[in-house]
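Colleague: I am new to this one and would like to learn how to read it. Could you take me through it step by step?

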Amino acid sequence: MTNEVFALIDCNAFYVSCERVFNPKLNNKPVVALSNNDGCIIARSKEAKALGIKMGVPLFKVKDIIRREKVHVFSSNYTLYGDMSRRVMNTIAEFTNDIEVYSIDEAFIGLTGIPGDLLKYAHKIRKVILQYTGIPVSIGIANTKTLAKTANHLAKDDESFNGVCSLLNLKNIDAVLSCIEVGEVWGIGRQLSKKLNMHGIYNIKQLKDAEDSRIRKLMSINGLKTVFELRGTSCLPLEEVRTTRKSCCTSRSFGQSLKELADIQQAVSIFARRAVERIRKEQLLTSSVTVFLRTNPFDKKNKYYFNTTSIHLSKPSNDTIEVVKVASNLTRKIFKTGYAYQKAGVLLSGFYPEGEEPVDLFSKNSTIRDELMVAIDKINLRHGGNTIKIASEQLSGVWAQKKENCSPNYTTNIDAVLNVD
Amino acid sequence: MKLKVNSAELSKALSHIQGVVELRHTLPILSNVIIKADGDNLRLSSTNLDIFCSEKIGASIEVDGEISVPAITLHEIVKKLPQGSDIDLEMDESENSLNIKSGRSRFKLSTLPTDDFPDISQDDLLVKFIMNVDDLKNMIDKTKFAISNEESRYYLNGIFFHAAHKNGIDILRSVATDGHRLAQYDMPLPQGAEKMSGVIIPKKTILELRRILDDVNGDVHIALSASKIKFACSEVELVSKVIDGTFPDYTKVIPQNNEKKLKTNINDLKGAIERVSAIAVSEDTKSRGIKLIIENDKLQLLANSVSKGSAVEEIDVKFANDKLEIGFNSRYLLDIISEIDGSDVTLSFSDPAAPVLIEDDAHDHLFFVLMPMRI
C-alpha cells in the first residue's frame, strides 16, 4: 500500500448542473442534456435517471417518456459548459497546486501530506465549489487514482456518504469492492468487462485478487497497472502537465443528410479550421491530415458507405488556409455521388512542437502567413470564434447541427447575462 | 508443355520476379507468373503494370508451351522442395492446370489464359549503354535512403538518374531527396548515355532491381526512353515505367559557400550520434533532435528528453571557426554518416538555419546535404 493520497473530484450530472445554475426552476425536476446534433442523452439529473432514461440512449427512443413526464431537454452548449468547467477547476486550484484536470468535469488532486481529517477537508472543497460555481460535486479519496475513482463512484451512488467517500484505512474494503461490478473500474470498458466476465471475473475484488500472469494475458500491461492500483500500489501519477497530444479530431454529424460534395466540403472546411486552431493554441504543427466521411449506419434503406484518406504534409503546418485546402481535396478524393452523408471529420496527427519541425530544403519560409494566423486568432478571441472564417466555409450552413433546445451562453456573451428583477 | 527443371534454379528465378507480383490487384493475371517453354529455355515473367520482370533459366523441355500460374503459390512450393531436386512441370489441358511432380510430392495448380498477360512495349528504348554491376549498386546504395515516401511529392519518390557535367567532365549522376536530406553520387558517363534524358526511377523498381543485382555479376545493359527504363543483366530483364514528373532543381539547394568546415573521424562521430540518439527519440512527438556545439576543436553532442533525461558526448574535431550551435534530426544524420566509406568526414556549415554539406573525404564523387533542425 502506498502512502500517497489522491482524490477525484467529479461534477454531478455536469451539463445538467450547468443548466440548473442559471435556471433554478429546474431543480428537483427531470432534466437531460443531449449530445451534438441532439442525438443521444449524455447527462441526466437523478430525477431523469429514476424515470428509466438510460445514459447514451438516442433521444427518439425516449421521446414518449420525455413528453409524458415533462422532462426538460437541453441541446449541448459547450461554450457554457467549458466556461463553467474552467470556474470549477480554478476553484479546485485554490486548494492545491497538485491538480490533474482529467476531463471537462473531473479532476484528480493530490492530498499527500495534507494534515488533519481528509474527509472534512474534502467536504470543505465540495462546499466551496458549490458556493463559488453552483455546481455540486462528488469526491472519492484513496491511495491510488483508480481507487479514488471507485470511491467517487460510491460517493455518487450512495447518498449516505453525503458526496464524499474515502477508502483510506477501510478495514472491510474487500467487502465493498466485491459489491461493485468489474465494468465500473476506471479503464475497463464494455468489451473488456465482457471478456473478464467470460473468465469468471465479475466484481472488483475478483479482479484485484487475480494472478498477475492471468491479468497480463487478459488485459496487457495497462490492465496490470490497474490491478496494482486496486491493490493500493500507485502506478499512475498525477499528470499535472498535460502530455503532448497525439492527435486532434473534429467531427460532427450533420443536421440533415448531405448529398452534394460542395456542402460536405463546406463542413469539412469548418472542422479543419477548428482542429488547426486548437493545435495552434498548443503551439503544435501537424504533419498528417485525415478526412473521413460516412452515411448513417442505422439507415437500413440505403447502402452504408464509409471512407477515409490521409496525406502526409511535406512541411508540417498549423496554417488554417493550407490545412483547409488539403482537407477539402481529401474530401473530393473519397466522396462518391449517390450517397446521403451523415457525418464527416478531420483528424490531425504527427505533431511537432513549433520550432522543432523539420525544415524543408525546397520550401520557401514565409513569416507573413504565420503573422496572419496570429492576427486571425487575436481577432477571433476578441470578437468571437467565427469572426474571421475561410471563404470555403461559406455561410449557408446547410449542414449545421440540430440545436433545438440550446440554453444561452450566460457566462460568455454579454447579451445573455441574466437580469435579476 | 512438358519439362524438367532444377528446383534451386527455378526457386532463385521466382524469388527475382515474384517481388513484382501484387498481392492485391485489379486483374487476376497480375498475381500469376507466365511460364514459357521454348527450345532449351524456360522464361518466367511477371508484371504489376508498372514493372515487368522476366528471367530465363535452363530446362530440359520435352514439349514447348506457355502457361500462367499463381506466382507466390508456385514459389512457396518450389522453395520448400529439397534443394537441387528435379521438378517435372506438365500442362494438363483437359483440366486447365499445371501438374508439378518432384520426388513423392504432387501438386496441381490452377491456370489462367496467358493471352491476358499485359505486355510492356520496349520499342522506344533508344538510348542504350552498359554499366558495371558494382557501379550501379553504388549509385543506388549511396542515395536510396533519401528517397521520399510522401505521396504529395510523388516526383521525389525515386532516384533521379541523369547525365551532367562536373569540372568539364561528363558524368552520370544519381540524386535522391526527401526535402530534408539530399544524396548525390557521380560516376563517369558510360558511352552511349550522352543523349539520355533524366529519369526518376521509382522506389519499388529500385528495391526490386537492387535485390536482383545481388545475384548477378558483370555488366548491366541499360536502355531507356523518357518514360521507361530497362535493366538487363545475366538472364534477368527488368523494365519499369519512370515517374512522370519533374525532379526539382536540386542544384539550388546545394550549399556553395559553406566556409565553416569541421573534419572528424567517421567512427567517432557515428558512435557518438548513436549513443546520444538513445535519449533523442521522443515518444510524444516525432522529434529526434540532437544539438551539436562546436568550439575549439571539440564537438559536443547533446540530447534532452522530458521523459528520458539527457545525454552529452564530446569528440575531437578540427574546426577553426567561432563557436557554432546547430540541431539535427539524429536519424537523418546517422543515415548519411552510414553511407560514408572513408575514415574521415567533412561537414561544412554556414549558419545554424542553413543546409549543411557533408562530404566523404576519401571520395569526391559523393556528398550529402542535410537541413538542420531548430532546437
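Modeller: Gladly, and let us start with a definition: a salt bridge is a side-chain nitrogen of Lys or Arg within 4 Å of a carboxyl oxygen of Asp or Glu. Here D360(A) makes one with R153(B), and their closest N and O atoms are 2.6 Å apart. Some ground rules: this is a predicted model, in which local features need pLDDT of at least 70 and side-chain atom pairs count only at pLDDT 80 or more, while totals for chains, interfaces and linings use all residues. Residues are numbered from 1 along each chain as its sequence is written, chains are lettered from A and ligands numbered from 1 in the order in which they are written, and side-chain values use heavy atoms, with hydrogens and water left out.

Colleague: How many salt bridges does the rule find across the interface of chain B and chain A?

Modeller: One. Over all chains, the count by this rule comes to 45. Another example is E62(B) with K2(B), at 3.4 Å from N to O. E62(B) sits in strand β5 (residues 60-63) of chain B and K2(B) in strand β1 (residues 2-6) of chain B, so this pair ties together parts that are 60 residues apart in sequence.

Colleague: Which domains does the assignment give for chain A?

Modeller: Domain bounds come from an automatic or database domain assignment. For chain A, that assignment gives domain 1 (6-164), domain 2 (171-230) and domain 3 (247-393). In chain A, the C-alpha centres of domain 1 and domain 2 lie 25 Å apart. Their contact takes ten residues from domain 1 of chain A and ten residues from domain 2 of chain A.

Colleague: And what is found across the interface of domain 1 and domain 2 of chain A?

Modeller: Four residue pairs in polar contact, both at pLDDT 80 or more, and zero salt bridges. The area buried between these two domains of chain A is about 970 Å², of which carbon and sulfur atoms give 73%. On the side of domain 1 of chain A that touches domain 2, the largest share, seven residues, comes from helix α6 (residues 145-157) of chain A.

Colleague: Now the sheets. In what order do the eight strands of the open sheet in chain B run?

Modeller: Helices (H or I, at least four residues) and strands (E, at least two) are DSSP runs, numbered from the N terminus, and two strands pair if DSSP finds at least two bridges between them. The order in chain B is β6-β2-β3-β4-β17-β16-β15-β10, with antiparallel pairing. Its edge strands, each pairing on one side only, are β6 (65-70) and β10 (127-132) of chain B.

Colleague: Which residues stand opposite each other there?

Modeller: I35(B) stands opposite L44(B) in β3(B). The strands β2 (residues 32-38) and β3 (residues 41-47) of chain B pair over five bridges in the antiparallel sense. Further along, β10(B) pairs with β15(B) over six bridges, with I130(B) opposite H221(B). Then β15(B) and β16(B) form a hairpin with three residues between them, in which I222(B) faces F231(B) as its opposite residue in β16(B).

Colleague: Where do the faces of a sheet come in?

Modeller: In a regular strand the side chains alternate between the two faces of the sheet.

Colleague: What is the order of the nine-strand open sheet in chain B?

Modeller: The order is β14-β11-β12-β13-β26-β25-β24-β18-β22 in chain B, again with antiparallel pairing. The edges are β14 (199-202) and β22 (318-319) of chain B. Within this sheet, β12 (residues 169-177) and β13 (residues 181-188) of chain B pair over seven bridges, and S174(B) has Y185(B) as its bridge partner in β13(B). Helix α5 (residues 266-280) of chain B packs on the sheet, touching β18 (260-265) and β24 (344-349) of chain B. For its angle, axes are lines fitted to C-alpha atoms, for helices over the stretch in contact, and angles run from 0 to 180 degrees between N-to-C directions. The direction of α5(B) makes about 90 degrees with that of β18(B).

Key:
Contact means heavy atoms within 4.5 Å. Buried area is the accessible area (1.4 Å probe) that two parts lose on being put together, summed over both. A polar contact is a pair of N or O atoms within 3.5 Å; within protein, one must be able to donate a hydrogen and the other to accept it, and residues adjacent in sequence count only if both atoms are side-chain atoms.
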